[in-house]
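Me: Please go through this model with me, one question at a time.

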Amino acid sequence: QIPVWLDCDPGHDDAFAILLTAYHPRIKLLGISTVFGNASLKNTTYNARSLITAIGKEKEISIHVGLDKALERPALHAPTDIHGESGLDGTELLPKPLSEVSPVPAVEAMAAALKAQPAGTAWIVATGAVTNVGALIRKHPELASHVKGFSVMGGAIGGGFTDAPLGVIDGKPRIGNWTPYAEFNILVDPEAASELFSNKELAPKTTLIPLDLTHQVLATAEVRQTLLYGKDEEQTGPGKTKLRTMLVELLYFFAKGYADKFDITEGPPLHDPLAAAAVLVGTPDEIPFYDWDAAKSTAPEHHERFEVTVVTEGTFEEAQVKETGRTIAKELPAGSEGIRI
Ligand code: BDR
Ligand code: CA
C-alpha cells in the first residue's frame, strides 16, 4: 500500500478525495489535515469530521487542524456560489461528527506520520491551498527529500484545454477559475506554492493536477445516476443508500454552482480526487518524460507569476476515479494528459 497524507479544505470535490484515499485498496491513509479555503478553517475542519463519520472511518482516521490563513497574506475564502456558506452545502444528510479533532496540530502530525514511513515511500496529497505543506517544509525541510512524492490539485496552465470550459478571453480559452489566470488553490497562497514548487528536492517529485486536466473529468448527470444506484444498469443493484444519496446531493449542488457561475452544464469538474489518484501512477521519474514547452508558451503570465517551471508531464491512464463503479477520467488528447513540474 502507498502511504498518503491528505491535506484538504472540504469542499465538495475534497469529499471525493477523502473517500478515495480512505478506501482505495492500494492506499494507506495516514491522516487528514485541514486548511482554510473553500470556507473558514472552522468549517472545513467540521466538514472533514462529518465526512469521515459519513463514510464510517471516524475511528481509524484522525483529523488534524491546520492553518487558518496563508503563510504571508490574509485568508481568502471561496465565495459561496460554488461550495455554499458551510463549504459543503447541498445536503441535509451530513452526519454530526462522531469523533473530535486530534490535539496534535497539522504540521506536527504530518511530520511525525511521514517520518514514521520508510524514506521514499510516502506521498503528500494537497487538495486545498498548500499552506500547511509550506509550513511543514519550512519547519522540517528534511521531509522534502524523505517523501516519495507531492501531488497537488492546483494551477491552470491553459495549454491543455481542448475547448474553453471557463469562457474565452481575447479569443483564447480563459485559464483560471478565480481570476483570468489563477486557479483558486494557488491563488489563495501563492507564496507557499512558489516556495514548494521551487524547492530543489520537492519540485522534481511534484505532480500538479491543474484545471486543464480536471475540467475533463466531469461528474455528469449520468455519472451521478451511476453513483446513486451502483454499477447495475437496471438499477436493481445496491440501490440508493443514505451515503450515495448524500454524495449525489453534494455533486448536484456543485454542478449547479458550475452551471450558474461558468455555464458548465455537463459538470461539475471533479478536481480533487485526481490529485489522490495521481499517487497510483507514480512520481515523474517513474513515467515517460515529455516536453511541455508548447503549453508553457501559451500562458507565460501564469508561470512568471508563481515562478512555476513546468518541464515534464506524463500519462494519467491509471488516474481514474472508480468510486462510481465506472471510470470517469476520460482520455485526454495526446500531449495534454497532465502536467508535471
Ligand atoms: C479547487 O478549488 C476548490 O474550489 C476545489 O475544492 C478545488 O480544490 C479548484 O480550483
Ligand atoms: Ca479543495
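**Backbone and ligand shell**

Me: Is aspartate 263 buried or exposed?
Reply: A residue is buried if 20 or more other C-beta atoms, placed from the backbone, lie within 10 Å of its own, partly exposed in between, and exposed if 12 or fewer do. Aspartate 263 has 11 C-beta neighbours inside 10 Å, so it counts as exposed.

Me: What numbering and confidence limits apply?
Reply: Residues are numbered from 1 along each chain as its sequence is written, with chains lettered from A and ligands numbered from 1 in the order in which they are written. The model is predicted: local features need pLDDT of at least 70, side-chain atom pairs count only at pLDDT 80 or more, and totals for chains, interfaces and linings use all residues.

Me: What is the phi of aspartate 263?
Reply: Aspartate 263 is in the loop between α11 and α12; helices (H or I, at least four residues) and strands (E, at least two) are DSSP runs numbered from the N terminus. Though not a glycine, aspartate 263 has a positive phi of about 65 degrees.

Me: Which residue does a cis peptide bond join to proline 10?
Reply: The bond has an omega of about -15 degrees. Proline 10 is joined to glycine 11.

Me: How many residues surround ligand 1?
Reply: The shell takes residues whose C-beta atom, placed from the backbone, lies within 6 Å of the ligand. The closest are Gly11, Asp13, Glu183, Phe184 and His271. At least two residues each come from α1 (12-23), α7 (184-188) and α12 (271-281). The total is 15 residues.
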